[in-house]
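Here are a few exercises to work through with the structure open beside you. Try each task before reading its solution.

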Amino acid sequence: MLQLVIFYIFATIAVVSAILLITRRNAVHSAMFLAATLLSVAGVFLSLRAEFLAGVQVIVYVGGILVLFVFVIMLVPTDRVMFERRYNRQGRIALITAAVLVGELVYAVIQGRDAFVFPEEALEPAVEGNSQWVGTVLYQNYLLPFEIASILLLVAIIGAVVLSKKSKPGGENAVEE
Amino acid sequence: MDFFVDYILEPGVKIGVIVLVLPLLVGYLVLMERKFIAFMQVRLGPMRVGPHGLLQPIADALKLMLKEDIVPRGADRLIFIMAPVVALVPAFIVLSVIPFGPSITVPVPEALAWPPQFVEREVPLFITDLNIGVLFILAVSSIGVLGIILAGWASNSKYPLLGALRSAAQMVSYEVALGFSIIGVLLLAGSLSLVDIVNAQAGDGHWFVLYQPVAFVIFWICGVAETNRAPFDLPEAESELVAGFHTEYSGFRWSLFFLAEYAAMIVVASLMVTLFFGGWLAPFGLTLLPQSLAGIEGAFWFSAKLLFFIYSYIWFRASWPRYRYDQLMSVGWKVLLPIAIANVVLTAILVLFLEG
């Protein structure tokens with residue numbers, strides 16, 4: 001009962017701030033609502049007794065990615081952004097994507113648990129030693145997908161470095177202030 | 001009734017104590033800092049309010065509360081008001097998992113009866129023992145950076161923005177090396193819970209600083225940088241940036257930032273004590289008080305170690321000049337991070353071979 005109440009509190013905050021996130025014109029305000037969404041998702045993880053996941057959610061998304069977002073947003077003058085053409089004018093593509101997403105969600109809700117394939121061990125209740133358990137599963141049972149993901153990330157990092165190296169100060173593609 | 005006592009009354013009292021004691025402690029840390037720096041520079045420091053300036057923190061707090069609250073006209077009002085709170089709250093939340101000592105026994109009235117029947121109740125000297133303790137601290141304290149960035153942006157002024165940018169870059173950079181330096185300790189303790197980490201050091205007084213000296217030095221340096229203290233106080237370098245991210249803040253809002261900075265200092269120092277110096281454990285198995293007062297003795301040792309590291313912050317500030325910005329970045333990424341990663345790899349190999 002208590003768990004359900006907590007879930008609905010976090011879920012409401014998450015959904016409301018997600019809506020506000022995409023409707024605010026001020027990018028920093030959007031970022032704040034993104035923070036609220038991410039934190040309440042961490043709260044939902046907590047209510048499911050996935051403490052490790054909740055901690056990682058906050059440390060990676062709020063502490064890492066969101067800080068970098070705000071970092072970049074801050075460097076852009078707000079008054080100019082207000083009048084810039086935005087990416088929310090592509091109605092047709094948005095409609096198709098939204099329809100696909102809603103379809104998936106409806107399918108998942110109708111099917112319930114059967115919509116997903118759970119590995120056997122994942123059905124154990126995660127009560128004791130959450131982080132040890134995640135570590136064991138990640139590095140023993142799912143080592144290959146984990147390594148593939150890390151190689152993807154490595155490629156992305158190298159790509160970012162190459163792109164930023166191009167603009168040498170004073171060179172041909174010098175960055176204009 | 002048990003539910004009420006276990007989950008509401010006991011944590012509530014502890015939280016109340018921390019919320020009340022911390023600002024007072026911070027006030028006196030500021031006095032301590034001013035006094036010690038004054039002594040190191042052959043001055044007297046604050047002397048006017050109370051004997052030897054002992055009432056100075058209270059006078060300062062009153063002054064800050066009575067000052068006019070100014071919000072710049074061009075500021076983003078909502079975020080300007082929110083930023084100090086975002087900076088302060090994580091610093092307080094983090095204190096909830098720090099073990100200040102082992103358990104003490106307190107007489108508690110059994111039920112709402114008259115005359116009250118007292119029962120002995122074991123009360124641990126920490127608010128909660130999470131099994132993701134260290135991760136929780138890293139996660140929550142990383143939210144504090146947001147407060148600083150938001151303050152710099154919402155002020156709508158150049159110096160705060162530059163200060164906030166510096167601060168964010170610095171804190172994000174040093175967080176990485178800080179995290180890696182903790183991993184060595186986690187490998188030895190085999191747990192993320194701070195209470196388990198202290199208990200793992202209990203055998204014969206083998207504190208982890210003996211096994212992880214490199215990690216300790218890295219943690220110490222990164223801790224100073226994370227809290228924006230000298231010699232890493234570039235975000236508020238007064239000769240270049242006026243006061244950095246809080247230039248436009250005044251009165252009570254400014255004091256919230258101040259409180260957040262000092263609370264973060266206390267958190268980092270207590271992490272240092274917990275992870276490397278055995279938390280509440282007495283040095284060399286020294287026990288001064290009988291077993292029944294072990295809780296109080298633990299709290300004493302914890303505070304003594306804590307004060308030493310807080311003193312070291314003051315000492316650093318009086319001794320070393322500020323780093324240049326490019327030096328700061330290259331030290332963080334090119335020196336501390338590789339050493340920290342090498343330390344993790346070495347520790348992992350040693351743990352595997354010696355224990356496996």
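Helices here are DSSP runs of H or I with at least four residues, and strands are runs of E with at least two, numbered from the N terminus. Please keep in mind that this is a predicted model.

**Exercise 1.** Describe the fold of chain A from its secondary structure.

*Solution.* Start by counting elements: chain A has seven helices and zero strands. Next, follow the sequence, and the pattern of chain A reads α-α-α-α-α-α-α. Then turn to burial: 16% of the 177 residues of chain A count as buried. Finally, take the contacts in chain A with a separation of 6 or more; residues 24 or more positions apart account for 50% of them.

**Exercise 2.** Work out how α4 and α5 of chain B are oriented relative to each other.

*Solution.* First locate the pair: in chain B, α4 spans residues 133–154 and α5 spans residues 158–189. Their axes lie 8 Å apart, at an angle of about 170 degrees. Angles over 145 degrees count as roughly antiparallel, and α4(B) and α5(B) are therefore roughly antiparallel to each other. As for the residues in the contact of α4(B) with α5(B), 16 are nonpolar, five polar and one charged.

**Exercise 3.** Which helix gives the largest share of the side of chain B that touches chain A?

*Solution.* Begin with the contact itself, which takes 19 residues from chain B and 16 residues from chain A. On the chain B side, α4 and α5 each supply at least two residues. The largest share comes from α4(B), with 11 residues. To finish, sort this side of chain B by class: 17 nonpolar, two polar and no charged residues.

Methods:
Residues numbered from 1 in each chain as written. Chains lettered and ligands numbered in written order. Predicted model: local features only at pLDDT ≥ 70, side-chain atom pairs only at ≥ 80, totals over all residues. Axes fitted to C-alpha atoms, helices over the stretch in contact; angles between N-to-C directions. Parallel < 35°, antiparallel > 145°, perpendicular 65-115°, else oblique. Nonpolar A, V, L, I, M, F, W, Y, C, P; charged D, E, K, R; others polar. Contact = placed C-beta atoms within 7 Å. Buried ≥ 20, exposed ≤ 12 C-beta atoms within 10 Å, placed from the backbone.
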